[in-house]
Amino acid sequence: MTSKQEQSPAAADIPSSVRNYIDGEWVAAEGDDVQPVVNPATGETLVDITYSNTETVDETVEKAAAAFDEWRATSPVERVQYLFDLKQELEDRQEDIAQALTREHGKTLAEARGEIRRGIENVEVAAGIPNMLREGSGNVEGIATNMDEHAVRQPLGVFTAITPFNFPAMIPLWFLPYAVATGNPFILKPSEKVPLSSQLIFEAIDAVNFPDGVVNLVNGGADTVNALLEHDDIAGVSFVGSTPVAQYIYETAAKHGKRVQAQGGAKNYAVATNSAELDQAVPNIIGSAYGNAGQRCLANDVLVGVGDVYDDLRAEVLDAIDDLTVGNGLDEETDVGPLITDESADRVLEMIDDAIDEGAELVVDGRDFEHPDYPEGYFLGPTLLEGVTTDMDIAQTEIFGPVMCLAKADDLDEAIEMVNSTEYGNASSLYTERGNEARKYRYEVDAGNIGINVGVCAPLGFFHFGGRKGSFFGDLHAQGEDAVNFYTDKTIEIQRWYS
């Protein structure tokens with residue numbers, strides 16, 4: 001592994017403050033808790049964030065609720081015109097958003113640009129809401145004498161989304177476009193670690209001139225979240241984050257009568273058989289495990305080699321790791337950026353040490369990596385553990401860092417047992433050139449997102465984002481048709497006319 005000195009393009013300006021956006025206006029957050037937002041590559045404070053108090057949440061929900069009747073009465077065809085404008089605003093600002101995202105999160109510019117592209121994709125899909133609403137309705141003429149029956153989709157009220165640090169530009173756009181396109185006002189509460197991306201996205205929203213109260217932004221921490229979860233005028237909550245918090249969000253919001261979709265953590269396995277095209281598979285595997293510094297719920301951090309492919313697979317993985325460059329994400333040469341916080345790095349280091357204590361062999365050691373130009377950065381070099389078995393904690397617990405585990409299986413049946421051994425069911429990938437192996441894998445693996453020769457099996461916006469077991473709490477997922485179902489309810493109309 002190597003490190004590079006920063007060779008970044010001219011850095012774009014980032015917001016000088018973190019503000020709320022309420023009822024069509026930028027306003028300073030009010031609260032007693034103020035925290036720094038830190039660039040994890042350099043350790044420098046970018047800006048301070050004030051956590052909004054309960055009174056601010058109450059005001060935001062009140063303004064959003066007041067906007068509901070008029071927004072609901074707005075034609076879906078008219079609503080999506082705002083999304084067409086928003087798409088263009090985001091396109092025009094995507095490089096500025098990407099640079100802010102890299103500075104607050106640490107991911108590479110290429111990763112940041114790709115993330116924004118996926119977010120814009122959801123705006124594009126949501127712009128098709130008029131047709132999606134039609135497909136979700138129904139009509140039966142003459143169901144009884146002089147009687148017709150219809151199903152009509154209707155919006156429900158104010159929705160909120162509580163989004164994580166690892167994809168601060170993409171994940172809010174899993175929710176926001178669909179909520180407003182279906183006729184619901186919306187409140188975003190982004191991660192307090194990475195608020196700058198949302199500031200720039202809301203500058204684009206402000207330029208679009210949505211009606212006041214339709215789209216809102218509230219910054220804050222746990223108290224802000226709880227105020228949203230418990231508020232009587234919130235109809236539904238979306239969340240992405242760790243499994244313990246997802247379960248808490250689900251239980252708390254549901255107890256208060258709200259719809260909930262809560263995406264939790266993951267423990268994803270990739271499996272390679274002896275038919276896999278390793279020259280194609282290994283770069284894909286490396287990107288999945290070490291991209292975004294391993295901080296994504298679709299990272300395959302356990303790689304299982306089936307049968308006699310193991311030795312060749314191991315050798316090629318080692319060569320690929322050696323070519324990875326660790327550094328500041330603003331450097332175009334960087335492959336692996338820093339972890340989000342010093343605490344996150346310490347947690348991953350502890351997991352590595354525990355795995356060694358349990359019997360795993362440390363083949364590539366990234367624990368002592370120090371970048372010569374960024375001594376204050378939260379860097380961890382790509383790490384590889386071998387001899388990992390499913391009874392080890394590191395084979396069962398989400399790592400969320402640039403660490404991959406190697407494991408062996410005698411056959412595909414044993415590999416599938418390993419994949420299904422965890423409490424999670426988010427994603428898994430198989431590398432094979434045999435159709436029968438692919439079909440067996442798709443049929444037997446208990447995961448909501450499955451990739452065949454695809455390492456990061458992130459669904460396009462036309463499809464919902466899957467997740468099972470401890471990876472998802474709720475019934476309806478983000479994106480696609482599930483999003484339409486989540487943000488609306490079907491009213492059944494039965495009509496009889498006597499003359």
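Reader: Which side chain meets Glu-91 in a salt bridge at 2.9 Å, N to O?
Author: The side chain of Arg-117 does. A salt bridge here is a side-chain nitrogen of Lys or Arg within 4 Å of a carboxyl oxygen of Asp or Glu. Arg-117 belongs to helix 3 and Glu-91 to helix 2, so the pair ties together parts that are 26 residues apart in sequence. Helices (H or I, at least four residues) and strands (E, at least two) are DSSP runs, numbered from the N terminus.

Reader: What kind of model is this?
Author: This is a predicted model, in which local features need pLDDT of at least 70, side-chain atom pairs count only at pLDDT 80 or more, and totals for chains, interfaces and linings use all residues. Residues are numbered from 1 along each chain as its sequence is written, and side-chain values use heavy atoms, leaving out hydrogens and water.

Reader: And what does Lys-87 pair with?
Author: Lys-87 forms a salt bridge with Glu-91 (2.8 Å, N to O). They are four residues apart in helix 2 (residues 76–105), and therefore separated by about one helical turn.

Reader: Where does the pair Lys-440 and Glu-444 lie?
Author: Both are in helix 13 (residues 435–444), four residues apart.

Reader: Changing topic, is Phe-462 buried or exposed?
Author: Phe-462 counts as exposed because its relative accessibility is 57%. Phe-462 sits in the loop between strand 21 (449–452) and strand 22 (468–469).

Terms used:
Buried < 20%, exposed > 50% of the residue type's maximum accessible area, 1.4 Å probe, protein only.
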